[in-house]
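Student: I have a model open and a few things to ask about it. Can we go through them one at a time?
Tutor: Go ahead.

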Amino acid sequence: LSLAYRHVGWDKGRTYEFEQSAVKCMRGILFCYMRQAHKVEQFKKKQSWENALHAIFDYITGDPVSDDDGWGHLQIDGTSLFLLVLSQMTASGVQVVLTKDEVDFVQNLVYYVERAYRTPDFGMWERGSRENTGRRE
């Protein structure tokens, strides 16, 4: 919405308000992902579903909701969508990533997505193979 208000030229302070709301949301998601940086580093060494990022977080602490052994889904779609929106916001002039550590982590996320599609998991519907036998695809 901030881009639409900026384009139309009708501002009245809403452009900045919408922009900062989006930045706050994106930085919150980035914070949750960065708390799992060790999993991204493990995934670089061993590309396995065991090192998958969690995509559901506690809204107060930012910690993953489920245990590592109960998860096992790579969440390529959620991570890719985050990276896409982040790149679009950055290209439009909105500054979301502020530190070098954050830049390094975002680069690691790109690597994660680049390699994760080759790693078998239960897929986005979490059901296993097409026959639903409980084996990873």
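Student: Is Cys25 buried or exposed, or in between?
Tutor: Cys25 is partly exposed, at a relative accessible area of 45%. Buried means under 20% relative accessible area, exposed over 50%, and partly exposed in between, with a 1.4 Å probe and protein chains only. This is a predicted model: local features need pLDDT of at least 70, side-chain atom pairs count only at pLDDT 80 or more, and totals for chains, interfaces and linings use all residues. Residues are numbered from 1 along each chain as its sequence is written, and side-chain values use heavy atoms, leaving out hydrogens and water.

Student: And Cys32, buried or exposed?
Tutor: Cys32 counts as buried, with 10% relative accessibility.

Student: How many disulfides are there?
Tutor: The count is 0, where a disulfide is a pair of cysteine sulfur atoms within 2.5 Å.

Student: Changing topic. What is the fold made of?
Tutor: The protein chain has 5 helices and 0 strands, in the order α-α-α-α-α along the sequence. Helices (H or I, at least four residues) and strands (E, at least two) are DSSP runs, numbered from the N terminus.

Student: How much of the chain is buried?
Tutor: 33% of its 137 residues.

Student: And which share of the contacts joins residues at least 24 apart?
Tutor: 57%, among contacts between residues at least 6 apart in sequence; contact means heavy atoms within 4.5 Å.
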